[in-house]
Amino acid sequence: METKKLERIILLILVLLNLVLLFLLLRGRIEEASARRARLESLTTLLAERGITLGPDADLEQAGLPAYTVQRDLALEDQRMQGILGAHGSEDQGGGIWYYHSERAKIVMHGTGELTILPLGAWGQRKGTPYEQAARILRSAGIECWVPPDSDPEDWDQALCCCWEGAPVFNAVMEFGFSAKKLDVADGVTVFNRETARSDWTGMDAVSLLLSFAETVRREGILCSRVDGLTPGYRMRVGLSGESTLEPVWRLVTDVGEFYVSGETGSIVTLAE
C-alpha cells in the first residue's frame, strides 16, 4: 500500500510539474505575441503619421539575414561549368580569368564574379519561355535564382538575381538575351561559391526595417505614401579578386519606386557601392 501511495504522489508531482512548464511556455508565447502586436501597432502608428500605408503583399513576418564572406573555389566552379557544359575543357587566361568550353557553349569567368555565356549550335535553341530556359541554365549550375514578382516570363530580355542561402543577391544579376528562336548571350555577375565566414548577428527584421525607413522618409523628405512589398536579400561587395562580402539589404517597393535599405544601419543604399 505504501508503495502505491508513493507512486501516486510521484505521478501527481510529475503532472503538476508538466502543468507548470506548460503554463510557463504559454505565458512566454503570450508575452511574445503581445510584444509583437505592440511593435506592429507602433509601426502602423508611425507610418500613418508619415502618411504611409502598407500594401496587402507587405509581409511583416520576415526575419533579418546574417552577413557572409564568400570566396571563389575553382573546384566548385568547375562543377558549375560541368552542369552547364557537360564534358568540357578549361584554360587559365591569367588575371583571375578562366575560359571554359564544350560543344554546347563558351564561358568566360572573371575573378570579380563576371560571367559570360555564348551558346553554340542547337544548345541555345528556345525551349519553353525565356524565363524557364534562363532559370534552367542557372539551376544546372546549382545556382538558385530570383526575379521580381511582376516580371514577364515571355520577355526576350530576362534579368535573374542569383541567390545565396535562398535570398536574392540584388546586384548579382545574370541577363539573358533571346531572339525569336534561341538564346543569343547571357552576361552578368554571379555569386562566389564557398562560404568562409558568417556573422553572429542578423540584420533588421521587417518591422524594424520599416520603422527605420519611416524615419528616413521624414528626415529626407521622400514623398512616399505606400509600401507595397519588401524582400530581404544581399548586396555583394567584391574586395579582393575571388572574394566578396554579402551584406544584408532589403528591397522596398513603394508608390514612388524601389529603395534598397541596409539591414544593418537602416540607411538607404545603392547597389553599386
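Y100 is buried, with 2% relative accessible area. In this predicted model, Y100 pairs with W98 in a stacked aromatic arrangement. The protein has 273 residues, 39% of them buried, and contains 4 helices and 15 strands.

**Overall features**
- The accessible surface comes to about 14,900 Å², and carbon and sulfur atoms contribute 55% of that area.
- Among contacts with a separation of 6 or more, 58% are between residues 24 or more positions apart.

**Aromatic pairs**
- The whole structure holds 6 aromatic pairs.
- One of these joins W98 and Y100, with ring centres 6.2 Å apart and 25° between the planes.
- Y68, W164 and Y234 are linked into a cluster by ring pairs.

**Salt bridge between E77 and R72**
- The count of salt bridges is 8.
- In one of them, E77 meets R72 at 2.7 Å, N to O.
- E77 is buried at 2% relative accessible area, and R72 also counts as buried, at 14%.

- R235, R237 and E247 form a network of salt bridges.
- E247 and R235 have their closest N and O atoms 2.8 Å apart; E247 lies in strand β13 (residues 243-254) and R235 in strand β12 (residues 226-238), 12 residues apart.
- R237 bridges to E247 at 3.3 Å, N to O, again linking strand β12 to strand β13, with the two residues 10 positions apart.
- R235 is buried, at 5% relative accessibility, whereas E247 is partly exposed at 23% and R237 is partly exposed at 32%.

How values were computed: Residues numbered from 1 in each chain as written. Predicted model: local features only at pLDDT ≥ 70, side-chain atom pairs only at ≥ 80, totals over all residues. Heavy atoms only, no water. Phe/Tyr/Trp six-rings, centres within 6.5 Å; stacked < 30°, edge-to-face > 60°. Buried < 20%, exposed > 50% of the residue type's maximum accessible area, 1.4 Å probe, protein only. Contact = heavy atoms within 4.5 Å. Areas by Shrake-Rupley, 256 points an atom, 1.4 Å probe, with all protein chains shown as cover. Salt bridge = Lys/Arg side-chain N within 4 Å of Asp/Glu carboxyl O.
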